[in-house]
Amino acid sequence: MPPTTPRDFLKVAAQRLTTAEILLREKLTLDAQYIGGYAVECSFKALVLQRTPDPDKPEKLKLLTSGAKMHRAEVLLGELKELGVALPLDIAKRMRRFDWTTALRYETGRRDTGETIAFLKTAKAIYDWVEGQVP
C-alpha cells in the first residue's frame, strides 16, 4: 500500500535506510547509495506533506507520488522552500555533494566506501531532522 501520510513516508524512509545500511555492511556500496537515496526522498516527502495545509494535502499527495521529477531532491527541496522550510546549515552543506539519481538503478559495480558512508550519514541526518518535525 503506497504511503498516504507523513508518518507513512517516514516508515518507508526508515526501512530504506535500514536496507541501505545492510547493503553497506555487505560491501554493496552502489546498491546502498541507490536505496539510501530513497530514504532521503521519502523523508523530504514526509515533511512536505506535514507542512502542507490540510485542505491542500490530497492534491499535494498526488503531486508527490506522480512523475519522475518528484524523485529529485532539488525538486523536493523547492517544495519545502515554498512552504517556508529551510534545511539546517549542516545538512545543507552535506546536500551540496548529494548527487543521487534514480539512474543509479542502471549502474553496476561499486562506489567508494567512504563516499557511501558519508552519503548514508547524510541520509540518516535528514531522516532524523524530519522525524523530529513529524508527530
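Residues are numbered from 1 along each chain as its sequence is written, and side-chain values use heavy atoms, with hydrogens and water left out. As the model is predicted, local features need pLDDT of at least 70 and side-chain atom pairs count only at pLDDT 80 or more, whereas totals for chains, interfaces and linings use all residues.

The protein has six helices and zero strands, and its elements run α-α-α-α-α-α from the N terminus on. Helices (H or I, at least four residues) and strands (E, at least two) are DSSP runs, numbered from the N terminus. The radius of gyration is 14 Å, which agrees with the value near 14 Å for a compact globule of 135 residues; this radius is taken over C-alpha atoms, and the globule rule is 2.2 Å times the number of residues to the power 0.38. The C-alpha trace spans about 45 × 35 × 25 Å along its principal axes. Of the 135 residues, 42% count as buried (under 20% relative accessible area, with exposed over 50% and partly exposed in between; 1.4 Å probe, protein chains only). Among contacts (heavy atoms within 4.5 Å) with a separation of 6 or more, 76% come from residues 24 or more positions apart.

Helix 6 covers residues 113-131 and has 19 residues. The distance from its first C-alpha to its last is 27 Å, close to the expected 27 Å, where the expected span is 1.5 Å times one less than the number of residues. At the start of the helix, a side-chain oxygen of Asp 112 comes to within 3.1 Å of the backbone nitrogen of Gly 114. The buried residues of helix 6 include Phe 119, Leu 120, Ile 126, Tyr 127 and Trp 129. Their cover includes helix 1 (6-25), helix 2 (29-51) and helix 5 (89-95).

Three aromatic pairs are found in a search of the whole structure. Rings of Phe, Tyr and Trp (its six-membered ring) pair if their centres lie within 6.5 Å; planes under 30 degrees apart count as stacked, over 60 as edge-to-face and the rest as tilted. Tyr 34 and Trp 100 are stacked, because their ring centres are 6.5 Å apart and their planes are at 25°. This pair links Tyr 34 in helix 2 to Trp 100 in the loop between helix 5 and helix 6, 66 residues apart. Tyr 38 and Trp 100 form an edge-to-face pair, at 4.9 Å centre to centre and 75° between the planes. Tyr 38 also lies in helix 2, 62 residues from Trp 100. Tyr 34 and Trp 100 are buried, as is Tyr 38, and ring pairs link these residues into a cluster.

Eight salt bridges are counted (a side-chain nitrogen of Lys or Arg within 4 Å of a carboxyl oxygen of Asp or Glu). In the bridge between Glu 79 and Lys 60, the closest N and O atoms are 2.5 Å apart. Glu 79 lies in helix 4 (residues 73-82) and Lys 60 in helix 3 (residues 57-64), so the pair ties together parts 19 residues apart in sequence. Both Glu 79 and Lys 60 are buried. Within helix 6, Lys 124 and Asp 128 are four residues apart, about one turn of the helix, and their side chains meet in a salt bridge at 2.7 Å, N to O. Lys 124 is partly exposed at 34% relative accessible area, and Asp 128 is partly exposed at 36%. Arg 111 and Glu 115 form a salt bridge at 3.6 Å, N to O, and Glu 107, Arg 111 and Glu 115 are linked in a network of salt bridges.

Note on methods:
Polar contact = N/O pair within 3.5 Å; in protein donor to acceptor, adjacent residues only side chain to side chain.
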